[in-house]
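I'm opening my notebook on this one and jotting down what I look up as I go.

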Amino acid sequence: MRGMRVVLALTLAGLLGTVASGWAQPPAPQRGGTLTVAISADPPALDIHSTTAYLTEIVAWHVFEPLFTYDKNFRIIPMLAEGYKVGDGGKEYTITLRSNVRFHNGRVMTPRDVVASLQRWVKMAVVAVPFFRDDIEAIEARGASTVVIRLKQPSGILIAALAQPIQLAGIYQQAVADAAGTKRITELSELIGTGPFKFTRWVPGQAIELERFDGYSARAGSPDGYGGQKVAYADKLRFVIVPDVQTRINGVMTGQYDYAESITPDAYGDLRNNPKVRTLILKPYGQPMAVFNKRRGLFTDRRMRQAFLAALDMSKIMAGTFGNPLMFRVDGSLMFKESPWYSREGLGPYNRRDLATARRLLAEAGYRGQPVRWITSAAFDWAYKPALIASQQLEEAGFNMDLQVLDWATVLSRRANPDLYEVFSTSFIFSPGVDPPIQPVIIGPTWPGWWTTEEKDRLIGRLIREPDPAARKRLWEDVQRLYWEDVPGIKFGDFFNLAIARPGVQGLATRPDLFFWNVWIAP
Amino acid sequence: MRAYLARRLAAMVPIVILVGTIVFLLIHLTPGDPAVIMLGPDAPDEAVTRLRQELGLDAPLLTQWFRWFQKVLVGDLGTSIFFGLPVTTTIRQHLLPTVLLSALAISISVGIGVPAGIISAVRRGSLMDQGVTLVAFLGVSVPEFWLALNLVLFFSVHLGLLPVAGYVSPTEGLWTSLRYMALPAFTMGFVQSALIARMTRAAMLDVVAQDYMRTARAKGLSSQRVTLRHAFPNALIAVVTVVGIIFSVMMGGNVVAETIFTIPGVGQLLITSVLRRDYPVIQGIVLLIAAAYVVINLLVDVVYAAVDPRIRY
């Protein structure tokens, strides 16, 4: 009898345990299957060094890996590196590499591969060229597992730049990197990396296919943000090019695609209640901006820019552009809330909507109704809608707006010519490599709009050289305060990206930069 | 006939040169810089300048035109700026889907349009005629994207019978390929069938009113034989003309159907290349379209001679 009771108790406990674990634990990861991801356009290249295009990044970083990357809190962690040491007063970086990391063709990665890759990358990368290419004295292999980067001046941003996903400092084989120089590599057979997937097929306009690399040298430990342990669960990863957003939605609903990116925020309400899809809000994503021409014309006068800012009601602009409150946030911090750089310093003038101040500043600047040419494009909601709504608010303050709606390529080429506009639309897309000094969109003196003031250049100069994180954060706060005083441009707010997936797809992260390692298909 | 064909093919050369030159000028005079699009909008000026040099975009326009034209003469359409692949390869990859889709769509539109046109002409004024006229009217008026989206909603999303979108080459399985092509081909075919039905009806009405038709009927021929053997062949010239025009237009790619159904055809390639300012690809496609127009028109003329023995070249 007693034995019986024990059996009963054990059975019950077992049952309860099963129920509890059924609730508490997600299904165990499964290997196998093809993961089909619908992306909105062709990436311009698969050579990740060659372009800052987002689509290139999210496809090619399954193949190429960087020395460093970002964890779940957007802090730098090693990936192909084991760690690094800074010496010589911030001028010498000694990077230790992980051992026995294999390329897709079975070769073991050596420091010479890393040297060749970095030498190629510093000549091509948007962040490297203006900020430290000319400061690099040498990149050298030392011994069997060490790479040394020697600089002419100390740099506080080198490791952040090596870790940023956009135009990733991926490691190629030495022979390939040397042979290509700064020319874009188009041969799939040369695009060999160390990542969990390898390229198998590329049909432009149609699809890019990858398959699991069985010899992948994963890091020990657990997954962490963009790094940590990466496992390729799917046998195959297929990125299909599907330009029409409704087709991407229909494809996920019918199971033809497993995942689709860039879904219009308007669709959120319907999709959230649809049992055939799972919605994922990718956060943070980007910020729509207007940038002034500070080289010529009306807005060389700071008071004009301040008047422009004073006239704007950001809450209305963001709500009118993105609709659903879950898809945007009204926030003037130039760095996103999720990033370690976030600060509320100097946000006073942001989102004030003070018409009296705007009119007073306009009068002081001697504005007499000259047309304000704002070049924007209907190709993107984040460009066109804020321009449209803001223009109306600006007219109420006394500005004479001339909104010019052009195609995107025309905006990009016109904004380089200071005679053609007063304001242009752009957006700053979040990248975890947002070490502020390496963001030309906000601070670039040579970037269209041309923000150069003595104080800003001094602050940025210090920010680039300063190695201490706490000091760098304070310097950045000074830059942000200056931004909202001097108003080189206007950040309207933050917006998020919507993606959808089939309910059976597990392990997806809601990060701004998509990846499909550690993702599996539940049966 | 052979001399005629040679003459017509020779006439292609000036047409293609003229079209090529006009397009070259138009797209190079449009603002927008392929180097900036390639490298991303945040690229430093230095990198943009270097890429422009590599691509030869810093040379004077006349020099660029001359370089391009020299290559075209030997069949080299250049390299796509965006993909870094030869233009001929890029176009070839996109040509098969367009040819296949156009052929299927034409078959569907002829299959629907010609019988509908004949029936409504023979039964002029009947309920049948009015029905055909109404459907044809709808076909002409309904926007293609609307029809396409509704077909997808019904056949793919609700019934789950056909794939939502995509393209599978017939070499990878004919049946699968046809399943993917069914909705886009029907969308394009239905819209065009309206035009064919109207043209067939009009041409048939002209013929039916003629004296020899009354003679045929008076001889005691069955009405089916009168319609198909005596009337229709004489109406065929007009039908062939319309089909030829529709086919030429389709060969230039159908942007709406190709976008909604994600078919990597020439139309989609042309539009995205314009947005990317991929000059060599735009030029290549426009040359292809010009050549296709000329060749299809020539074929139409040859078919005239076949269907109407009175026509001799």
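**Chain B, the overall look**

I read off the elements of chain B from the N terminus, and they run α-α-α-α-α-α-α-α-α-α-α-α-α. I noted the tally too: 13 helices and zero strands in chain B. Before going on, a reminder to myself that this is a predicted model.

Next I looked up the dimensions. Along the principal axes, the C-alpha atoms of chain B fill a box of roughly 85 × 55 × 35 Å. How much of chain B counts as buried? I found 48% of its 313 residues. The accessible surface of chain B is about 15,200 Å², and carbon and sulfur atoms own 69% of that.

I also checked who touches whom along chain B. Among contacts with a separation of 6 or more, 72% are between residues 24 or more positions apart. Then the charges: chain B has 22 positive and 16 negative ones, and their mean positions sit 18 Å apart.

**One residue in chain B**

I picked B:Phe24, which lies in helix α1 (residues 2–29) of chain B. Is B:Phe24 buried or exposed? Its relative accessible area is 2%, so B:Phe24 is buried. I listed its contacts, skipping residues up to four places away in sequence: B:Leu61, B:Gln64, B:Trp65, B:Trp68 and B:Gln283. One of these, B:Leu61, is 37 residues from B:Phe24 along the chain, yet their C-alpha atoms are separated by 9.3 Å.

I moved to strand β16 of chain A, residues 371–377. β16(A) is mostly covered, with five of its seven residues buried.

Which way do β16(A) and β17(A) run, parallel or antiparallel? They run parallel, and seven bridges join them, with β17(A) covering residues 400–406. I wrote down one pairing: A:Arg373 has A:Asp402 in β17(A) as its bridge partner. To get from β16(A) to β17(A), the chain passes through helix α12 (residues 381–397) of chain A, and this β-α-β crossover is right-handed.

β16(A) also pairs with strand β18 (residues 423–429) of chain A, again in the parallel sense, over two bridges. Here A:Trp374 has A:Val423 in β18(A) as its bridge partner.

**Two buried residues in chain A**

I looked at A:Leu406, which lies in strand β17 of chain A. A:Leu406 has a relative accessible area of 18%, and the cut-off for buried is under 20%, so A:Leu406 counts as buried. Leaving out residues up to four places away in sequence, A:Leu406 touches A:Ile375, A:Thr376, A:Ser377, A:Ala378, A:Val411 and A:Arg414. I also checked A:Ser343: it is 63 residues from A:Leu406 in sequence, and the two are 35 Å apart in space, C-alpha to C-alpha.

Then A:Phe308, found in helix α9 (residues 302–310) of chain A. A:Phe308 is buried, since its relative accessible area is 0%. Its contacts, again without residues up to four places away in sequence, include A:Trp374, A:Leu394 and A:Val423. A:Leu394 is 86 residues from A:Phe308 in sequence, but 6.8 Å away in space, C-alpha to C-alpha.

**A hairpin**

I looked up strands β6 (residues 136–142) and β7 (residues 146–151) of chain A, which run antiparallel and are joined by six bridges. A:Ala141 has A:Val147 in β7(A) as its bridge partner. This hairpin has three residues between the strands, and A:Gly143 takes a positive phi near 70 degrees there.

A:Trp450 is not a glycine, but has a positive phi of about 50 degrees. I found A:Trp450 in the loop between α14 (440–443) and α15 (454–465) of chain A. At 8% relative accessibility, A:Trp450 counts as buried.

A:Val487 also has a positive phi, near 45 degrees. A:Val487 sits in the loop between α16 (469–486) and β19 (489–491) of chain A. A:Val487 is buried, with a relative accessible area of 0%.

Last entry: the peptide bond joining A:Lys283 and A:Pro284 is cis, with omega about -5 degrees. A:Pro284 is found in strand β14 (residues 278–292) of chain A.

Key: Residues numbered from 1 in each chain as written. Chains lettered and ligands numbered in written order. Predicted model: local features only at pLDDT ≥ 70, side-chain atom pairs only at ≥ 80, totals over all residues. Heavy atoms only, no water. Helix = DSSP H or I, 4+ residues; strand = E, 2+ residues; numbered from the N terminus. Buried < 20%, exposed > 50% of the residue type's maximum accessible area, 1.4 Å probe, protein only. Contact = heavy atoms within 4.5 Å. Areas by Shrake-Rupley, 256 points an atom, 1.4 Å probe, with all protein chains shown as cover. Lys, Arg positive; Asp, Glu negative; His and termini not counted. Charge placed at Lys NZ, Arg CZ, Asp CG, Glu CD. Pairing = 2+ DSSP bridges. Right-handed = clockwise from strand over helix to strand, strands pointing away.
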